[in-house]
Amino acid sequence: QVQLVESGGGLVQPGGSLRLSCAASGFTFSTYAMSWVRQAPGKGLEWVSDINSGGYSTYYADAVKGRFTITRDNAKNTLYLQMNSLKPEDTAVYYCAKRVGGRYSAMDYWGKGTLVTVSS
């Protein structure tokens, strides 16, 4: 069965960096676009970033553009999110999600999330 397991979250000071990972299994990882989505405390889901199946096309929400980088290693079935220059408003649970097809397709599987807290 499809499994997505995020890791790498934690407490970081403003201006710091973290790298999130998402280990995928149960499907042919290299043939699907993947996404990162976050949910801040008390707020709704917010799309963060997409990457196409080959890893050569990436997309970002305006709130993270220039600070976050999405990548994938199809040989390792792993998705990454490098987060730099973190701000308190980046505090959220971060989820990776598999899309059913390309970038604008629905997200059909989600991980359980990893908490990122940005605070001094």
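Which backbone oxygen does the side chain of Thr78 reach?

Reply: The model is predicted, so local features need pLDDT of at least 70 and side-chain atom pairs count only at pLDDT 80 or more, whereas totals for chains, interfaces and linings use all residues. Residues are numbered from 1 along each chain as its sequence is written, and side-chain values use heavy atoms, with hydrogens and water left out.

The side chain of Thr78 reaches the backbone oxygen of Lys76, at 2.9 Å. Thr78 belongs to strand β8 (residues 78-83); strands are DSSP runs of E, at least two residues long, numbered from the N terminus. With a relative accessible area of 11%, Thr78 is buried, a term that means under 20% relative accessible area with a 1.4 Å probe, protein chains only. Setting aside neighbours within four places in sequence, the residues in contact with Thr78 include Ser21, Cys22 and Phe29; contact means heavy atoms within 4.5 Å.

Two of these residues lead further. Cys22 forms a disulfide with Cys96, the sulfur atoms being 1.9 Å apart; the term denotes a pair of cysteine sulfur atoms within 2.5 Å. A search of the whole structure finds one disulfide. Ser21, in β3, stands opposite Ser7. Strands β1 and β3 run antiparallel and are joined by five bridges.

Notes: Pairing = 2+ DSSP bridges. Helix = DSSP H or I, 4+ residues; strand = E, 2+ residues; numbered from the N terminus. Buried < 20%, exposed > 50% of the residue type's maximum accessible area, 1.4 Å probe, protein only. Polar contact = N/O pair within 3.5 Å; in protein donor to acceptor, adjacent residues only side chain to side chain.
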